[in-house]
Amino acid sequence: KEQLLAHHAAIVTGASSGIGLAVAEALAAAGAAVVVNYRSDGDRADALVERIVGDNGRAIAVQADVSDEADVARLFDVAAEAFGRIDVLVSNSGVQKDAAVADMSLADWNTVIDVNLTGQFLCAREAVRRFRVQPCKGRPARSAGTIIAMSSVHEIIPWAGHINYAAAKGGTRMLTRSLAQEVAADSIRVNAIAPGAIRTPINKDAWDSDAALEKLLRLIPYGRIGEPEDVARAAVWLASDQADYVTGTTLFVDGGMSLYPEFRDNG
Ligand code: NAD
């Protein structure tokens with residue numbers, strides 16, 4: 001039986017750690033050729049590529065800053081050169097620069113918007129340009145290409161002390177929906193994944209002590225922290241033709257975090 005993503009080539013941004021790493025691994029395990037984008041930790045990206053290739057997969061590592069226009073163009077050039085085409089973009093890179101509003105510097109505001117929102121725009125624009133012109137051959141193509149934006153439950157849940165991050169994720173929600181509407185006629189699907197609390201370096205303080213974890217679990221009806229693989233499985237499905245009629249939506253992978261858990265005990 002053919003693998004779910006056989007004949008697909010995918011770019012995963014920020015793939016040298018956390019959710020991006022798990023997504024890259026899962027796409028490769030499903031048969032995709034994967035471009036492992038990283039910003040600065042080339043060793044970890046190389047190690048992931050080695051692992052994928054060791055498992056008979058196809059992967060390359062490419063350095064690029066997703067908030068830099070020229071870097072993003074080069075990322076797609078190198079990807080197209082390596083694998084002949086791009087079918088899937090998983091726009092996963094993200095940063096947090098937390099501060100109460102009165103203490104938030106313009107630099108910390110700008111960095112988060114630049115990486116988490118403008119980075120989504122630059123990568124999506126490049127993907128659409130290429131999806132539109134590349135020939136639909138070599139796979140039973142239903143879509144001309146598909147984009148998955150890594151959003152967050154904070155695309156809908158307000159987050160005090162993190163207004164830059166929540167603003168960027170709220171922006172990602174409407175970027176996803178508006179872009180999906182714009183390019184659907186080109187057979188391009190655009191969706192987002194909204195992870196809840198996933199065990200990665202970005203939120204280490206929220207899970208690496210018993211006290212912090214206990215506090216976190218009160219926000220998660222399903223009763224456990226999420227693992228990067230929980231998100232990766234959703235990404236594989238959204239990237240595949242199994243999700244062919246799915247566009248313009250956000251898939252919440254959050255153990256119920258967005259279900260107003262404080263109302264459980266409020267009846
Ligand atoms: P992470 O810190 O492990 O991953 C973020 C990745 O983005 C890193 O590999 C980093 O190098 C990369 N990156 C940062 N700036 C970049 C740039 N300018 N160009 C290219 N890459 C850049 O954390 P993670 O949890 O795996 O985060 C991945 C995505 O998931 C982020 O968009 C984050 O907002 C989102 N998310 C995470 C959680 C969670 O609980 N961990 C929840 C919701 C959403």
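**Close-up 1. Glu 126 and Arg 130 form a salt bridge, with 3.1 Å from N to O.** The model is predicted. Both residues sit in helix α4 (residues 106-133). They are four residues apart there, so about one helical turn separates them. Glu 126 and Arg 130 are both buried. The pair also belongs to a network of salt bridges, which links Asp 77, Glu 126, Arg 129 and Arg 130.

**Close-up 2. Asp 230 meets Arg 233 in a salt bridge at 2.8 Å, N to O.** Helix α7 (residues 228-239) holds both partners. Asp 230 is buried, at 13% relative accessibility. Arg 233 is exposed, at 54%.

**Close-up 3. A salt bridge joins the side chains of Arg 51 and Glu 25 (3.0 Å, N to O).** Arg 51 is in helix α2 (residues 42-54) and Glu 25 is in helix α1 (residues 18-29), so the pair ties together parts 26 residues apart in sequence. Arg 51 is partly exposed, with a relative accessible area of 41%. Glu 25 is partly exposed as well, at 29%. By the rule used here, the salt bridges number 13.

**Close-up 4. Asn 191 lies in strand β6 (residues 188-195).** Its relative accessibility is 1%, so Asn 191 counts as buried. Leaving out residues up to four places away in sequence, Asn 191 touches Ile 147, Ile 148 and Ala 149, among others. Its contacts also include Thr 176 and Leu 238. Val 246, Thr 247, Gly 248 and Thr 249 touch Asn 191 too.

Methods: Residues are numbered from 1 along each chain as its sequence is written. This is a predicted model: local features need pLDDT of at least 70, side-chain atom pairs count only at pLDDT 80 or more; totals for chains, interfaces and linings use all residues. Side-chain values use heavy atoms; hydrogens and water are left out. Helices (H or I, at least four residues) and strands (E, at least two) are DSSP runs, numbered from the N terminus. Buried means under 20% relative accessible area, exposed over 50%, partly exposed in between (1.4 Å probe, protein chains only). Contact means heavy atoms within 4.5 Å. A salt bridge is a side-chain nitrogen of Lys or Arg within 4 Å of a carboxyl oxygen of Asp or Glu.
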